[in-house]
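Reader: I'm new to this one. Can you walk me through it?
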Amino acid sequence: MHDSLPTVAGLDDLTELVTTSTERDQLYVRWSAGPAVDLRRDEVSRDSLTGVPLPGLSANPLAVERWWGDRSPRLWVARRLYDYRHLRSLRGPQVRPWILVGDQRGRGPDNEPLVKVRRPVAWIADTALMEAEQMIEAQGSAEWGPLDRRNAR
């Protein structure tokens, strides 16, 4: 069922989905082996530091915040993808980003939303990830990078 999810091919397509969906406030991106695996695990993430089960799946909202104003929604979406791109190399090649419509159940230890999946929407193609990376790196900020703790020591 979930293996047949459509794929959002590029950053423009993802930005259009995020800005035009009637469910935009419930759209999240999750990095995992996919909905088939996550839903078999009772929609529970675990805190990687303590192993404590969390009351939902760790995900990140895609909705553009009001304070973002008239800035580029494409840049907003690119940041949402860029922030957690390190999870694929950390957790294995089966980890991919996918979009879901969900209901927030709480906050995780990194203040990330913990969600219950209402419905999987689509996979995000590697092309979109590359476009996001190029867009973020073109900003030229020496202070910005993915939220990867491995290099924090």
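Reader: Is W68 buried or exposed?
Author: Buried. This is a predicted model, and in it W68 has a relative accessible area of 6%. The cut-off for buried is under 20%, so W68 qualifies.

Reader: How does W68 sit against W76?
Author: Edge-to-face. The ring centres of W68 and W76 are 5.2 Å apart.

Reader: What about W67?
Author: W67 counts as exposed, with 58% relative accessibility. The cut-off there is over 50%.

Reader: How many aromatic pairs are there?
Author: There are 3 aromatic pairs. One of them joins W67 and W68: centres 5.8 Å apart, planes at 80°, so edge-to-face.

Reader: Which residues make up the aromatic cluster?
Author: W67, W68 and W76 form one cluster.

Reader: Where does the charged end of R71 sit?
Author: Over the ring of W68, 5.9 Å from the ring centre.

Reader: Which ring does R96 lie over?
Author: R96 lies over the face of W123. The distance to the ring centre is 3.8 Å.

Reader: What happens at the start of helix 3?
Author: S72 makes a contact there. A side-chain oxygen of S72 comes within 3.2 Å of the backbone nitrogen of R74.

Reader: Now the strands. How do strand 2 and strand 5 pair?
Author: Antiparallel, over 6 bridges. Strand 2 is residues 27-32 and strand 5 is residues 96-107.

Reader: Which residue is the bridge partner of R30?
Author: W98, in strand 5.

Reader: And how do strand 5 and strand 6 pair?
Author: Also in the antiparallel sense, over 9 bridges. Strand 6 is residues 113-124. In this pairing, R107 stands opposite P113 of strand 6.

Reader: How many residues lie between strand 5 and strand 6?
Author: The two strands form a hairpin with 5 residues between them. In the turn, N111 has a positive phi of about 70°.

Technical notes:
Residues numbered from 1 in each chain as written. Heavy atoms only, no water. Pairing = 2+ DSSP bridges. Helix = DSSP H or I, 4+ residues; strand = E, 2+ residues; numbered from the N terminus. Phe/Tyr/Trp six-rings, centres within 6.5 Å; stacked < 30°, edge-to-face > 60°. Buried < 20%, exposed > 50% of the residue type's maximum accessible area, 1.4 Å probe, protein only. Lys NZ or Arg CZ within 6 Å of the ring centre and 35° of its normal. Polar contact = N/O pair within 3.5 Å; in protein donor to acceptor, adjacent residues only side chain to side chain.
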